[in-house]
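Trainee: Hi, could you walk me through this one? I'd like to start with the strands and then move on to the chains.

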Amino acid sequence: MSTIQDSTARAEILARIRRATTDVTDKNPETDTPINWTYGTGIDMEDVVGTFVEKVIDYSATVVRVKKADVPKAVVDGLKATGADKSAVVPPGLDPSWIKAIKAAGIEVRIDDPQLSHTELDNTDAVVTAASSAVADTGTIVLTHVADQGRRAISLVPDRHICVVRASQVVSDVGEAMQAVKPAVHEGHPLTWISGGSATSDIELSRVDGVHGPRQLYVVVVDDQ
Amino acid sequence: MTTTGTELRRITEGNHGVARLTPAPDAPGTFLGMPKFPKAVKKELELSVQRKNMRNATTTIRNKRALRVSESPDWEDLRDAATAIKNRVARHLDYYLEEAEKNLQANGVHVHWARDGEEANRIVAEIAKAKGVDEVVKIKSITTQETDLNEYLEEENIACWETDLAELIVQLGHDRPSHIVVPAIHRNRAEVREIFLREMKNYGRPAPTDVTSNPPELANAARLHLREKFLRAKMAVSGGNFVCADTGSLVIVESEGNGRMCLTLPETLVSLVGIEKIIPKFDDLEVFLKLLPRSATGERMNPYNSVWSGVTEGNDGPQEQHIIFMDNGRTDVLADKIGREVLRCIRCASCINVCPVYERAGGHAYGSVYPGPIGITLTPQLRGVDDPVDRAMPYACSLCAACNEVCPVKIPFTDIILHLRNRVADAEKAEKISKDPEVAVEKVLMKTAGWIFGDAKRFEAVQLGTRGAGKLLHGKPLGPIPVPVADRWLRYRDVDALPTDTFRSWWKKNREDGK
């Protein structure tokens with residue numbers, strides 16, 4: 001499709017750029033324009049996990065802190081607390097003990113293998129996933145969509161998201177999280193950064209929680225340290 | 001939740017008698033042909049509801065931003081780093097575009113290049129036709145507003161649905177965006193309710209008949225209206241906040257989840273990005289993810305960020321992806337050594353939110369999808385200064401410089417504005433005409449002032465004159481006076497009362513000789 005046209009456009013745009021930047025004599029970007037920034041550092045904070053919890057609550061999401069053994073129960077509690085009493089979709093790689101607990105609570109578990117259709121996802125009450133990293137300063141959870149988090153659509157279409165974050169995954173600042181998830185990016189995984197539930201401020205700049213993404217976010221923080 | 005669903009159909013109601021797939025913007029076509037700022041602003045200033053909406057909204061967002069910025073201890077270091085990163089890209093743009101292209105292609109993305117908006121629109125339409133779709137869902141994108149993509153696709157019989165709440169309000173309201181982050185900033189909740197009730201039923205799932213003007217209810221009406229469009233869409237169009245050259249990744253920063261819907265559910269994704277949106281490394285995102293949300297919406301982090309590196313295995317998201325690198329005047333900006341600094345812009349709108357001219361005039365008067373300080377510095381550079389609308393833009397500014405202080409990438413707006421005023425003056429001089437009588441009069445006045453200030457004796461002589469006039473007027477402020485030249489100038493300016501004494505003689509009487 002428009003291959004010939006494209007290559008002309010490409011050559012012309014690159015030529016325009018070169019003409020526009022004839023004043024740049026040092027062709028090495030790094031020596032020509034140094035960047036004074038140390039990447040991947042954190043912020044000094046006394047209680048990283050506590051700060052994370054506080055900031056997530058600030059987005060009007062729910063957060064509970066539990067011991068490792070209590071995670072299956074906490075996941076079920078989260079489903080019930082958000083009103084997901086019929087069904088939950090889970091990624092194929094989710095911890096089997098959580099799946100077992102959900103089933104035992106009488107909630108139908110829909111494993112996304114084979115993949116559920118858009119309509120099936122839309123008719124599912126909730127999604128349960130793990131996470132890859134979390135940022136205390138901004139109250140952000142980062143998904144890399146590996147086996148225990150699943151493809152992007154499953155944590156988007158259902159109206160409730162129960163997300164399990166291990167305390168050891170929580171870092172102080174954005175830069176540290178960037179470095180933590182970078183290997184996944186190099187492997188081709190997409191990233192979804194979630195800070196509270198879906199929200200909008202488009203009407204008179206007053207914040208409304210819940211538009212297209214899950215309207216309820218329920219975070220289980222596991223004290224594994 | 002989804003019922004049987006509605007179908008795509010043509011609607012004449014509200015569309016100037018034309019049967020259309022999507023609502024027609026009330027000002028047909030583009031912004032071209034509209035009056036220049038000084039004329040357009042008069043109409044806007046009379047809209048008292050809009051002025052109130054604007055004042056409320058900009059005050060709220062300014063305060064939120066200030067609070068979140070105060071929480072960030074290394075804010076100035078971040079600004080410097082972001083400035084350097086974007087400078088590096090602009091100065092070596094050919095290198096980084098080629099690197100981005102190589103890595104995007106390695107990730108399975110089709111890379112296209114567009115010299116102008118027309119070419120970009122054509123590529124999008126060609127892809128849509130090749131896929132056989134008659135509708136696309138769109139993530140909020142100012143770049144596609146710049147090219148007027150929606151209207152182009154409508155002409156090609158393809159419906160383009162805005163999915164951002166504010167853009168939906170604008171589209172259903174037959175309106176134009178008036179802000180780059182909050183495009184419906186000029187509308188209040190009662191107006192939104194009225195638009196939803198009147199228009200949604202024509203273009204898809206109707207708004208609930210009992211919907212009130214409570215924002216959560218209005219947001220829910222949008223959720224229901226758009227959900228069927230998301231679930232059935234086969235193709236999406238996005239812009240892009242950043243493109244990481246080293247990993248070939250695209251980044252979308254958003255709030256509502258409409259972006260995630262568009263990036264995840266359709267089979268085909270086309271992203272239209274300006275060539276200046278590249279950043280060298282994935283690592284550089286760190287700096288921008290710390291600056292952008294706090295600057296734009298006054299949040300520590302916006303609700304959702306999506307980063308994806310081309311086609312994801314395992315049928316996760318669109319399996320056919322295209323990116324269009326668009327110039328559309330950007331290389332002209334790059335060629336201007338003073339003006340090019342505006343290419344650092346990350347579209348946060350903090351300059352717009354602090355601008356006293358914008359707060360009063362609103363976004364429609366400018367005649368560009370980019371209003372406020374960023375608009376008047378970027379638009380005349382992208383489009384050139386041939387048109388009266390573009391020539392008027394650099395003058396829609398009081399040079400208060402509040403924008404310089406808040407800009408996360410330290411764009412020196414006022415320097416660029418003065419530079420552009422020079423360009424406009426030079427262009428007019430070259431044409432040997434001064435089309436604008438106000439500007440011509442001002443030029444004469446400025447020249448005269450220069451002559452007076454150039455010599456102490458002349459200055460003192462004039463001071464004696466103004467002192468006399470001040471005494472005559474008894475300290476009354478100077479209103480519109482029926483003097484042929486001065487009345488044009490005074491029509492737009494309030495001038496303080498003339499002093500009855502000069503500063504020099506006041507100083508002599510009160511301060512000199514140790515008094």
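Trainee: How many bridges join strand 7 of chain B to strand 10 of chain B, and do they run parallel or antiparallel?

Mentor: Seven bridges join strand 7 (residues 268-274) to strand 10 in chain B, and the two run parallel. Strands here are DSSP runs of type E with at least two residues, helices are H or I runs of at least four, and both are numbered from the N terminus. Two strands count as paired if DSSP finds at least two bridges between them. Before we go on, this is a predicted model: local features need pLDDT of at least 70, side-chain atom pairs count only at pLDDT 80 or more, and totals for chains, interfaces and linings use all residues. Residues are numbered from 1 along each chain as its sequence is written, while chains are lettered from A and ligands numbered from 1 in the order in which they are written.

Trainee: Which residue stands opposite Phe325(B)?

Mentor: That is Val273(B). Strand 10 of chain B also runs parallel to strand 1 (residues 109-114) of chain B, with six bridges, and there His110(B) stands opposite His322(B).

Trainee: Is strand 10 of chain B mostly covered or mostly open?

Mentor: Mostly covered: six of the seven residues in strand 10 (320-326) of chain B are buried. Buried means 20 or more other C-beta atoms within 10 Å of the residue's own, exposed means 12 or fewer, and partly exposed is in between, with C-beta atoms placed from the backbone.

Trainee: Switching topic, what is the order of the open sheet of eight strands?

Mentor: The order is 8(A)-5(A)-6(A)-9(A)-9(B)-6(B)-5(B)-8(B), with mixed pairing. Its edge strands are strand 8 (170-171) of chain A and strand 8 (278-279) of chain B, each pairing on one side only.

Trainee: How many bridges join strand 9 of chain A to strand 9 of chain B?

Mentor: Four, and these strands run antiparallel. Thr192(A) stands opposite Ser306(B) there. Within chain A, three bridges join strand 6 (residues 140-143) to strand 9 (residues 191-194), also antiparallel.

Trainee: And how many residues of chain B are in contact with chain A?

Mentor: 80 residues of chain B are in contact with 67 of chain A, where contact means C-beta atoms, placed from the backbone, within 7 Å. Helix 10 (residues 215-232) of chain B gives the most to that side of chain B, with eight residues.

Trainee: Last one: how many helices and strands are there in chain A?

Mentor: Chain A has seven helices and twelve strands, and buried residues make up 51% of its 225 residues.

Methods. Contact = placed C-beta atoms within 7 Å.
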